[in-house]
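Work through the exercises below with the sequence and the model open. Each task is followed by a solution in steps.

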Amino acid sequence: MKIGKVESYIHEKLEKEKLHFVLLDPDDVSPELASKLAKMSEELGVDAIMIGGSTGAEGEVLDNVVKAIKESSNLPTILFPGSHGGLSKYADALFFMSLLNSTNPFFITGSQALGAFKVKMYGLEPIPMAYLIIEPGETVGWVGDAKPIPRHKPKIAAAYALAGQYLGMRLVYLEAGSGAPSHVPNEMVKIVKSVLDVPLIVGGGIRSYEDAKEVAIAGADIIVTGTAIEKAGSLEEAEKRLRSIIKGVKEVKP
């Protein structure tokens, strides 16, 4: 499959620096707030905006948030769908992901099959990604019928990640869960990265400069933050947190 514009953008940027993506959930942010956060993100140096969530906002709610982001920012918009319903023709791309450690085939290949024709019809750029839920997993682990990988078993995560790469996935995502009390363990990130030839994304529980920097040092190529920004309480606090997290990511060289 030909590599598209957004994926090429990601790879080109990764040659020079670690990346930071902001995840906005249409269940938690209005189009107005999404617009402001996207504009702020671009000004501060965020590399892309992901849109989606574990409970899966769909239809007009999703479309309106994507359109608001596109109108206020030039950053790539990448869908992060909770199911085949989480698709919008207004986005640039989507992470076409398989939840490899789900106990339910629906989240491994079923939902993907249901959404495939719509991805083609909308002209969305699909970016194949192996998605792995790490303890505690939070809402996404429960919704996705996942068997979360134990935090103290990094080699299990590495085995799944490498299997994902061998199955043709061009990204691997380690997810502790939105709002997780702590991020994916550094040792797990390090061991998973050591076996991969594709970029590694880490998200969940990353709230500070220190969190972001240590995960980047451990080997994450792309850091994702969502809850820490969405629920900051004010735009001023969101800007303060975002600036700090980006600093932690960008200080670590590839």
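**Exercise 1. A lysine side chain**

Find what the side chain of Lys 250 reaches at the backbone oxygen of Lys 18, and describe the setting of Lys 250.

Step 1. A polar atom of the Lys 250 side chain lies 2.8 Å from the backbone oxygen of Lys 18. The model is predicted: local features need pLDDT of at least 70, side-chain atom pairs count only at pLDDT 80 or more, and totals for chains, interfaces and linings use all residues. Residues are numbered from 1 along each chain as its sequence is written, and side-chain values use heavy atoms, with hydrogens and water left out.

Step 2. Lys 250 belongs to helix H10. Helices (H or I, at least four residues) and strands (E, at least two) are DSSP runs, numbered from the N terminus.

Step 3. The relative accessible area of Lys 250 is 19%, so Lys 250 is buried (buried means under 20%, exposed over 50%, partly exposed in between; 1.4 Å probe, protein chains only).

Step 4. Not counting residues up to four places away in sequence, Lys 250 touches Glu 17, Lys 18, Leu 19, His 20, Gly 45 and Asp 47 (contact means heavy atoms within 4.5 Å). The C-alpha atom of Lys 250 is 8.7 Å from that of Ala 216, which is 34 residues away along the chain.

**Exercise 2. Two helices**

Describe how H2 and H10 pack.

Step 1. Helix H2 covers residues 31–44 and helix H10 covers residues 235–250; their axes are 10 Å apart and the packing angle is about 35°. Axes are lines fitted to C-alpha atoms, for helices over the stretch in contact, and angles run from 0 to 180 degrees between N-to-C directions.

Step 2. From H2, Leu 33, Lys 36, Leu 37, Met 40, Ser 41 and Leu 44 take part; from H10, Leu 235, Ala 238, Glu 239, Leu 242, Arg 243 and Ile 246.

Step 3. Sorted by class, this contact has eight nonpolar, one polar and three charged residues (Ala, Val, Leu, Ile, Met, Phe, Trp, Tyr, Cys and Pro count as nonpolar, Asp, Glu, Lys and Arg as charged, and the others, Gly among them, as polar).

**Exercise 3. A buried arginine**

Which side chain makes a polar contact of 2.7 Å with Arg 170?

Step 1. Arg 170 sits in the loop between helix H6 (154–166) and strand E6 (171–175).

Step 2. Its relative accessibility is 17%, so Arg 170 counts as buried.

Step 3. The partner is the side chain of Glu 7. A polar contact is a pair of N or O atoms within 3.5 Å; within protein, one must be able to donate a hydrogen and the other to accept it, and residues adjacent in sequence count only if both atoms are side-chain atoms.
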